[in-house]
Amino acid sequence: MKKITLLLTRHGETIENKKNILQGQLPGTLSELGIQQAKELSEKLSDVPLDVIVSSDLSRSYKTAELVAKSKNMEVHPTPLLREMHWGEYTGDSFNKVDWSHLPFGVESLEELDMRAGEFVNYLRVKYPGKRILAVGHGAFNRAVINHLEGRKPVEMLEKPIMGNIEIVELIC
């Protein structure tokens with residue numbers, strides 16, 4: 001199977017990010033800065049060849065991807081596989097309340113997140129073999145994708161920093 005080049009990035013800042021709220025699979029709303037960051041991402045990628053743009057189907061990522069796609073005269077292909085971690089009862093709470101060693105029922109486990117990260121990468125490999133792909137995702141999920149591709153244990157993703165808004169990591173997989 002042909003390898004893909006994955007440019008993995010995170011959506012622009014949201015109003016909820018500014019308040020340190022765990023959005024999980026809520027849509028989220030780009031802040032004024034987030035919209036500006038999406039435009040900056042578009043400028044950063046203006047000379048970067050892309051074959052495909054995929055995005056989480058959650059609004060904050062999709063709207064970020066749309067601004068890039070518009071500048072390249074491309075379309076965005078949304079997928080729920082790229083959604084943020086499901087935070088269950090933590091959704092809407094502060095990130096500081098999360099007890100990673102005792103996640104309550106209903107919160108997507110690190111093992112489940114790792115499995116979904118693998119499904120996402122396999123989806124890209126099958127659907128877009130040999131392509132250069134921009135994927136606009138989320139902090140925790142992007143961290144899981146990188147961790148998975150490095151062959152690390154799911155719990156080891158906690159050692160990785162969460163990507164900054166519009167930060168880009170290039171991966172060959």
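This is a predicted model: local features need pLDDT of at least 70, side-chain atom pairs count only at pLDDT 80 or more; totals for chains, interfaces and linings use all residues.
Residues are numbered from 1 along each chain as its sequence is written, and side-chain values use heavy atoms, with hydrogens and water left out.

**The sheet**

Helices (H or I, at least four residues) and strands (E, at least two) are DSSP runs, numbered from the N terminus. Two strands pair if DSSP finds at least two bridges between them. Five strands make an open sheet with mixed pairing, in the order β3-β2-β4-β1-β5. β3 and β5 (168-172) sit at the edges, each pairing on one side only. From one strand to the next, the twist averages 25 degrees.

| Strands | Sense | Bridges |
|---|---|---|
| β2 and β4 (residues 132-137) | parallel | four bridges |
| β2 and β3 (residues 76-79) | parallel | four bridges |
| β1 and β5 | antiparallel | five bridges |

Over at β5, Ile172 is the bridge partner of Thr5. Helix α5 packs on the sheet and touches β1, β4 and β5, with its direction at about 150 degrees to that of β1. Such angles run from 0 to 180 degrees between N-to-C directions, using axes fitted to C-alpha atoms, for helices over the stretch in contact.

**What is tucked inside**

Buried means under 20% relative accessible area, exposed over 50%, and partly exposed in between (1.4 Å probe, protein chains only). Five of the five residues of β2 (residues 52-56) are buried, so this strand is largely enclosed by the rest of the structure.

A nonpolar core is a set of buried Ala, Val, Leu, Ile, Met, Phe, Trp, Tyr and Cys residues joined through side-chain atoms within 4.5 Å. The largest one has 29 residues, and those with the most contacts inside it are Leu6, Val54, Phe120, Leu124, Ile133 and Val145. At least two residues come from each of β1 (5-10), β2, α4, β4 and α5. α4 gives the largest share, six residues. Leaving aside residues up to four places away in sequence, Leu124 touches Ile4, Leu6, Val54, Pro129 and Ile133, where contact means heavy atoms within 4.5 Å. There is also a second, separate core of 12 residues, including Leu7 and Leu134.

**Aromatic pairs**

Rings of Phe, Tyr and Trp (its six-membered ring) pair if their centres lie within 6.5 Å; planes under 30 degrees apart count as stacked, over 60 as edge-to-face and the rest as tilted. That rule gives four aromatic pairs. In one of them, Phe120 and Phe141 are edge-to-face, because their ring centres are 6.1 Å apart and their planes at 70 degrees. This pair links distant parts of the chain, 21 residues apart: Phe120 lies in helix α4 (residues 110-127) and Phe141 in helix α5 (residues 139-149). Phe120 is buried at 0% relative accessible area, and Phe141 is buried at 0% too.

Tyr123 and Tyr128 are edge-to-face as well, with centres 6.4 Å apart and planes at 90 degrees. Tyr123 is partly exposed at 25% relative accessibility, whereas Tyr128 is buried at 8%. Elsewhere, ring pairs join Trp87, Tyr90 and Phe95 into a cluster.
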